[in-house]
Amino acid sequence: MNPKELLRGLPYFAGISEEDLDDLCRSSAVVEVPKGTVIIEEGQPAEALFVVADGRFLATQQRADRQIILGDAGPGEPLGELSVLQGLEASATVKAVEDSQVVSVSREAVERLTSSPAAVKAILGIVVARLREREVSVVHADKMAALGTNAAGLAHEFNNPAAAVKRTAQELGEVVARLTEDVGGGQGPLDPPSSALERSSREEAVGTYLERLAVADPWELAPALVAAGWDQPSLASQASSPDAVSRMALALEARRLTDEMATAGNRISELVNAVKRFVYLDQAPVQDVDVNQGIKEALLLLKHKTAGMDVSTSLGELPHIEAKGSELNQVWMNLIDNAIDAAGPGGRVEVRSRQADEGIVVEVENTGPAIPPDVLPRLFETFFTTKEPGRGTGLGLATSDKVVTEHSGRIEVESVTDSTVFRVTLPLKLPKE
């Protein structure tokens, strides 16, 4: 390996003179780095800039009681340049995740290089890009930590009242049933109407019958009686007085309301449990993850946005994969949410999953206009968004791409007229650090 060729290939040093490049090379050395070796330690003085010649490194940062993965670096990428240029202690820990090789450039040589305007311009551009990448990592980590904390609180706060609502609805239903046993308050003798035409015909007959009996609000009571399976002949045989009919209709309405209350309680519990599963509360950072379950939870949490849309799934039988469950679920949430927005009212979204060679594939497809060719290369760029101000942050796809990359996977996009597909490919196991 030629250190000069490697350094010349870096955008940092692309514009510097041969003299400056030779000075860098005289102050550099090729270093073998065994797997697991820490070459930069957070909080320690930065003595050199490293350029990866071969292998792979992982950068992490300690935040309170958790460790944030800032990203990884492969051949041709620099490490530790921000701390060297600022003359500060290292802000992250960098460790080799496989046997690697780097070119080490001394801090003094880098400082001498900053006297070159061309080098300063190139360095500033890349430093800004690195800072934006780091901001995405920190923002994402803070969002996931806040989501986990909030979910824990919400789970506690919502579960108790939800259980109370379900219990009250059940007890109220039993009370209503006992109070109305003598007036036929149970299910009617017929099946509920099977069509809108049959329902309308029954309601007309029942309403007319109630009107003849001088029952108060006959046309408001008729739908409840018909929905419970009553028609005019069966009603006449069971309740021939206005009071009996009114009590029967009110009993049925009370039962309907208690059923709705129980359904609402179940829905609250379902959503709370979905949030708990979504962020993998009280579990280790890396788990055996059921990807299909994560997709279902994301769809459940986004259900409020899909009214009037055709949303479907085709989920194949998948093995569990080794992954950071909460972060991976955020990927599904981001991709499905974007697909819903792109498809719009009346549009179609389909989520598919299947097993592939030594891994899994998830596809999120939506109808709608194709992504313009000039936008495609920028989709995963930090802070880039095509949404109007106030709706898009430009972090969703950038974060998703980062999470998938950290899982040694990839995201691909295909966009043609009336259809866009985001395809995520993931291995079954995380690479060993």
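Start by selecting K305 and D337: in this predicted model, the two form a salt bridge, with their closest N and O atoms 2.5 Å apart. The pair ties together distant parts of the chain, 32 residues apart: K305 sits in the loop between α10 (291–301) and β10 (310–315), while D337 belongs to helix α11 (residues 325–343). Color by accessibility and you will find K305 partly exposed at 30%, and D337 partly exposed too, at 21%.

Next, widen the view to salt bridges in general; the whole structure has 14. Select R348, E350, R352, R354, E363, E365, E414 and R423 to see a network of them. Zoom in on R348 and E350, whose side chains meet at 3.7 Å, N to O. R348 is partly exposed, with 27% relative accessibility, whereas E350 counts as buried because its value of 19% falls under the 20% cut-off. Another stop is E412 with R410, a salt bridge at 3.7 Å, N to O. Here E412 has a relative accessible area of 31% and R410 has 46%.

Now move to helix α6 (residues 196–212) and pick T208. Its side chain reaches the backbone oxygen of E204 at 2.8 Å.

Just after α7, check G229, which has a positive phi of about 105°.

Finish on the surface with E32, D54, E98 and D99, a patch of negative charge. E32 lies in strand β1 (residues 28–33) and is exposed at 57%.

Conventions
Residues are numbered from 1 along each chain as its sequence is written. This is a predicted model: local features need pLDDT of at least 70, side-chain atom pairs count only at pLDDT 80 or more; totals for chains, interfaces and linings use all residues. Side-chain values use heavy atoms; hydrogens and water are left out. Patches are made of residues with over 30% relative accessible area and no salt bridge: like charges are joined within 9 Å, nonpolar side chains (Val, Leu, Ile, Met, Phe, Trp, Tyr) within 5 Å. Accessible areas come from the Shrake-Rupley method with a 1.4 Å probe; for residues, only the protein chains shown count as cover. A salt bridge is a side-chain nitrogen of Lys or Arg within 4 Å of a carboxyl oxygen of Asp or Glu. Lys and Arg count as positive and Asp and Glu as negative; His and the chain ends are not counted. The place of a charge is taken as NZ of Lys, CZ of Arg, CG of Asp or CD of Glu. Helices (H or I, at least four residues) and strands (E, at least two) are DSSP runs, numbered from the N terminus. Buried means under 20% relative accessible area, exposed over 50%, partly exposed in between (1.4 Å probe, protein chains only). A polar contact is a pair of N or O atoms within 3.5 Å; within protein, one must be able to donate a hydrogen and the other to accept it, and residues adjacent in sequence count only if both atoms are side-chain atoms.
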